[in-house]
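Please read this briefing alongside the sequence and the 3D structure. The lead sentences come before points grouped by topic.

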Amino acid sequence: MHWRKLLPVALGLAVAGCAGNGARPASDSAAAAQIREQAFGSKGRRSVKALVYVLHRDERTAEADDNHRFARDLVAAAPGVRVVALTQPFPQDDVGTAGRGFGRDRVASFADRIEAGRRRYPDVPTLVVGDGVGAALAADLTGLRPKLVDGMVLAACPCMLPEWRKHMEKQTAATWRTPASDSLDPLMTVGGVRPQTKAALLVGSDDPITPPKFSRGYAEALVLRGIATDFRVLPGRGNDILSDPEVLSATTRMLTALQAPR
C-alpha cells in the first residue's frame, strides 16, 4: 500500500517526531547569512499590531519584486502590520534545485529570523506567507517550529514534495529524478502544526507548475489535525498568484482573526 494511504498513521508519527514542539534544529550559519531581509510598515514596539513574514527560497529579481510588492500592498491594507520579506538565493545551474535545498538547516535559518522578530515584538500574532517553494518552506517551518507561527497563507504550494517532483520531471527535465533527500515534505511535517494555528491555501485552477492537487492534499491533512483551514482554487488563474487580490484578502482576513480578542 502506498504510504500516502496511511496518512492518519503518518500524521501520528509526525506528531511524535515533532514532540519537542519548538526544539531548535541545528542551524547552518552560512545559510542564515545568505538570507536577505527587507522590512515594510510599522516598526515601533507600541505601533506594531502583527508580524507578517513573506518567505521565498529564491531571489531572482522578478520574484523578489513580487514579494516586495505584496508586502507594500499588505501594509496599505492592514495598518499597524510589520511585513518582512525574507529571501534566500539558490544556485541557478540546477533545474531541480527548487525542489531541494530546504532541509532542517535551511528551515532553521529562516525560523531564527522570525524568532528574533518575535523577541522584539513578543505580544503580537505572527503570520507566515509563502509563494511556490516559499509556501512549502512556510509549511515546513510551521510544522517544525510551531511556537513561532500563529497562521500561514500558502499560495501555489508544492506541498506534496515527492509527487510534485514527479510532476516536474514530466514537465521539464530528468534532473528532477534526483532524490530530494535533503528536503522536508510538508505532508510529513504537518503533524507538528499546532491545532490552534490558522491556515489558508490558494492555488490557480490552471496552474501547470503546482496544480491544485498538491495544495488539496496538504489542506486535507491540516483538517485532519483539526486545524481551521481555508482552501481555495482560483478560477482561471495560473501559477503567479501572489499578486492576486484573493491572496491579499485571505491574509488580511487572517490578520483580523488573529488580532481579535480571545
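What percentage of the 262 residues in the protein chain do buried residues make up? Buried residues make up 53% of them, where buried means under 20% relative accessible area, exposed over 50%, and partly exposed in between (1.4 Å probe, protein chains only). This is a predicted model, in which local features need pLDDT of at least 70, side-chain atom pairs count only at pLDDT 80 or more, and totals for chains, interfaces and linings use all residues. Residues are numbered from 1 along each chain as its sequence is written, and side-chain values use heavy atoms, with hydrogens and water left out.

**Overall fold**

- The protein chain has 9 helices and 7 strands; helices (H or I, at least four residues) and strands (E, at least two) are DSSP runs numbered from the N terminus.
- Of the contacts in the protein chain with a separation of 6 or more, 83% are between residues 24 or more positions apart, contact meaning heavy atoms within 4.5 Å.
- The protein chain exposes about 11400 Å², and carbon and sulfur atoms supply 53% of that area; accessible areas come from the Shrake-Rupley method with a 1.4 Å probe, and for residues only the protein chains shown count as cover.

**Cavity**

- The count comes to 1 cavity of 30 Å³ or more, a cavity being a set of points on a 1 Å grid over the protein atoms alone where a 1.4 Å probe fits but cannot get out.
- The largest cavity has a volume of about 40 Å³; grid points are joined across faces, edges and corners, and a volume is the space filled by probe spheres set on the points.
- The largest cavity is lined by Asp-66, Arg-69, Phe-70, Asp-73, Leu-242 and Ser-243; lining residues have an atom within 4 Å of a point.
- This lining has 2 nonpolar, 1 polar and 3 charged residues, with Ala, Val, Leu, Ile, Met, Phe, Trp, Tyr, Cys and Pro counted as nonpolar, Asp, Glu, Lys and Arg as charged, and the others, Gly among them, as polar.

- Helix H4 (residues 104–120) has 17 residues and should span 24 Å at 1.5 Å a residue, which agrees with the 24 Å between its end C-alpha atoms; the expected span is 1.5 Å times one less than the number of residues.
- The buried residues of H4 are Val-107, Ala-108, Ser-109, Phe-110, Ala-111, Asp-112, Ile-114, Gly-117 and Arg-118.
- Buried residues in H8 include Pro-212, Phe-214, Tyr-218 and Leu-222.
- After H8 comes Gly-226, with a positive phi near 80 degrees.
- Arg-216 is in helix H8 and counts as partly exposed because its relative accessibility is 35%.
- Not counting residues up to four places away in sequence, Arg-216 touches Phe-231 and Val-233.
- Arg-216 and Arg-232 are 16 residues apart in sequence, and their C-alpha atoms are 9.0 Å apart.

- Leu-202, in strand E6 (residues 198–204), is buried, with a relative accessible area of 1%.
- Leaving aside neighbours within four places in sequence, the contacts of Leu-202 include Val-153, Ala-156, Arg-232, Leu-234 and Ile-241.
- Leu-202 and Asp-230 lie 28 residues apart along the chain, with 8.2 Å between their C-alpha atoms.
- Ala-156 lies in the loop between strand E5 (151–155) and helix H6 (161–171) and counts as buried at 0% relative accessibility.
- Although Ala-156 is not a glycine, its phi is positive, about 50 degrees.

**Strand E3**

- Ala-85 is in strand E3 (residues 81–87) and counts as buried at 1% relative accessibility.
- Not counting residues up to four places away in sequence, Ala-85 touches Arg-36, Glu-37, Gln-38, Phe-40, Val-54 and His-68.
- Ala-85 and Val-128 are 43 residues apart in sequence and 9.9 Å apart in space, C-alpha to C-alpha.

Key. 1 Å grid on protein atoms, 1.4 Å probe; cavity = no way out; pocket = protein on both sides within 12 Å on 5 of 7 lines; lining within 4 Å.
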